[in-house]
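Me: I have a structure to go through for class, and I would like to talk it over step by step. Could you look at it with me?

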Amino acid sequence: MFQGVYTAVITPFRQGKIDYDSYFKILENQIRSGVAGVVPCGTTGESPTLSYAEHKELIQKTVKVVAGKIQVIAGTGSNSTKEAIELTESACTDGVDGILTVNPYYNKPTQEGMFRHFTEIANVSSKPVMLYNIPGRTNVNLLPETVARLSAHPKIAAIKEATGDLGQMAKVIAATPSDFDLLSGDDNLTLPVLSIGGRGVVSVVSNLFPRACVDMVSLYLRGDLEASKKIYYKLLPVFINAFIETNPIPIKAAMSWFGYCENELRLPMTSLSEGSPADNFKKTVFQLKEEGIV
């Protein structure tokens, strides 16, 4: 169902509003580069600062521009089950290929609470559901036993795993059906996750280097590990530096350096801090661009 590179696409802003001209160009570049899909309205897309109207419009416009050329997996998560259901129903109506729904954040539900939360969302979804486990942002960890229970639901088809714990990911893969897909939620763990049976990555760095990320994953899945590793180690400094500050601060700065968008974020996100880490990041991405890693 879900395999390859899915770009957690940024949301460009200009003077406080969504910059659709820049956004459409980013989408077109993603399509040309051969990604499996894009994920609008995720964390990288600054979804917490989007109004409900903006959230809905952004998904609608993404589906229209993509026009079935690649998949659209819409971020519809919320810490309110009712709101997540409303966003999911709206996205499904608008024609997405799947939905991404994150652990309920801030209110710290139990495992049973998360099981019931995701089950209620899946019950109303007409599209496949990808769970999103990211304890670093939500302060709750969706455990393998709970994922196994959820995987029995006919609409719950995958999980984006961003615990950074390969052992936990291996337990998820072992405890779920063979057609349940696990994708890395961390660029720097893409190859390790593939090596234990993962199917791909929901990537931040592929905003900037989509073709290289696609080649890295495709080569691995075709069995050419050495060629895949060569790209992986080229990109590894970017994978690391893309998180020198909270995502999407660094990747949005990098996208602005190459003219994809303005370096504008919505508070409480702020622009990348000046200094050596940012300078090193900029030097790294420009060097890779010059080498043709696109």
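Reply: What follows is a walk through parts of this predicted model, taken one topic at a time.

Me: Let's start inside. Which residues touch the most other members of the largest nonpolar core?

Reply: The largest nonpolar core has 79 residues, and those that touch the most other members are Val-96, Leu-131, Leu-142, Ile-159, Phe-209 and Leu-235. Helix α9, which covers residues 210-221, gives the most to this core, with 6 residues. Apart from it lies another core, of 15 residues, and Phe-2, Tyr-6, Ile-73 and Leu-183 are among them.

Me: What is Leu-131 in contact with, if I skip its neighbours within four places in sequence?

Reply: With those neighbours left aside, Leu-131 is in contact with Leu-100, Thr-101, Phe-118, Leu-142, Val-147, Leu-150, Ile-156, Ala-158, Ile-159 and Lys-160.

Me: Back to α9, then. How many residues does it have, and how far does it reach?

Reply: α9 has 12 residues and reaches 17 Å from its first C-alpha to its last, which is close to the 16 Å expected at 1.5 Å a residue. Its buried residues are Pro-210, Ala-212, Cys-213, Val-214, Met-216, Val-217 and Leu-219, and the buried residues of α9 pack against β1, α1, α8, β10 and α10. Just after α9 comes Gly-223, with a positive phi of about 95°.

Me: And what about α1, which residues of it are buried?

Reply: The buried residues of α1 are Tyr-20, Ser-22, Tyr-23, Ile-26, Leu-27, Asn-29, Gln-30, Ile-31 and Ser-33. The helix runs over residues 20-33, and its 14 residues reach 20 Å from first C-alpha to last, close to the 20 Å expected at 1.5 Å a residue. Just after α1, Gly-34 takes a positive phi of about 85°.

Me: Now Ser-203. Is it buried or exposed?

Reply: Ser-203 counts as buried because its relative accessible area is 0%, under the 20% cut-off. Ser-203 lies in strand β10, and a polar atom of its side chain is 2.9 Å from the backbone nitrogen of Ser-206. Not counting residues up to four places away in sequence, Ser-203 touches Val-5, Tyr-6, Thr-7, Ala-8, Asp-187 and Cys-213.

Me: There is another serine I wanted to check. Where is Ser-151 found?

Reply: Ser-151 is found in the loop between α6 and β8, and it is buried, with a relative accessible area of 11%. A polar atom of the Ser-151 side chain lies 2.7 Å from the backbone oxygen of Ala-148. Beyond residues up to four places away in sequence, Ser-151 touches Ile-156, Thr-176, Pro-177 and Phe-180.

Me: Changing topic: how much space lies in the largest pocket?

Reply: The largest pocket holds about 580 Å³ of space. It is lined by 28 residues, of which Thr-43, Ser-47, Pro-48, Gly-77 and Tyr-105 are the closest to its centre. The elements that give two or more residues to this lining are α2, α3, β6 and α5, and β6 gives the most, with 3 residues.

Me: Is Tyr-105 buried, exposed or partly exposed?

Reply: Tyr-105 is partly exposed because its relative accessible area is 32%, which falls between the 20% and 50% cut-offs. Tyr-105 is found in the loop between β6 and α4. Leaving aside neighbours within four places in sequence, Tyr-105 is in contact with Gly-77, Ser-78, Asn-79, Arg-137 and Thr-138. Tyr-105 and Ser-78 are 27 residues apart in sequence, and their C-alpha atoms are 7.5 Å apart in space.

Me: Last topic, the backbone. Which residues are joined by a cis peptide bond with omega of about 10°?

Reply: Asn-247 and Pro-248 are joined by that cis bond, and Pro-248 sits in the loop between α10 and α11. The peptide bond from Leu-267 to Pro-268 is also cis, with omega near 15°, and Pro-268 lies in the loop between α11 and α12.

Me: What is phi in Gln-15?

Reply: Phi of Gln-15 is positive, about 55°, although Gln-15 is not a glycine. Most residues other than glycine have a negative phi. Gln-15 is in the loop between β2 and β3, and it counts as exposed, at 75% relative accessibility. Tyr-106, which is not a glycine either, has a positive phi near 75° and counts as exposed, at 74% relative accessibility.

How values were computed. Residues numbered from 1 in each chain as written. Predicted model: local features only at pLDDT ≥ 70, side-chain atom pairs only at ≥ 80, totals over all residues. Heavy atoms only, no water. Helix = DSSP H or I, 4+ residues; strand = E, 2+ residues; numbered from the N terminus. Expected span 1.5 Å × (residues − 1). Buried < 20%, exposed > 50% of the residue type's maximum accessible area, 1.4 Å probe, protein only. Core = buried A, V, L, I, M, F, W, Y, C linked by side-chain atoms within 4.5 Å. Contact = heavy atoms within 4.5 Å. Polar contact = N/O pair within 3.5 Å; in protein donor to acceptor, adjacent residues only side chain to side chain. 1 Å grid on protein atoms, 1.4 Å probe; cavity = no way out; pocket = protein on both sides within 12 Å on 5 of 7 lines; lining within 4 Å. Points joined across faces, edges and corners; volume = space filled by probe spheres on them.
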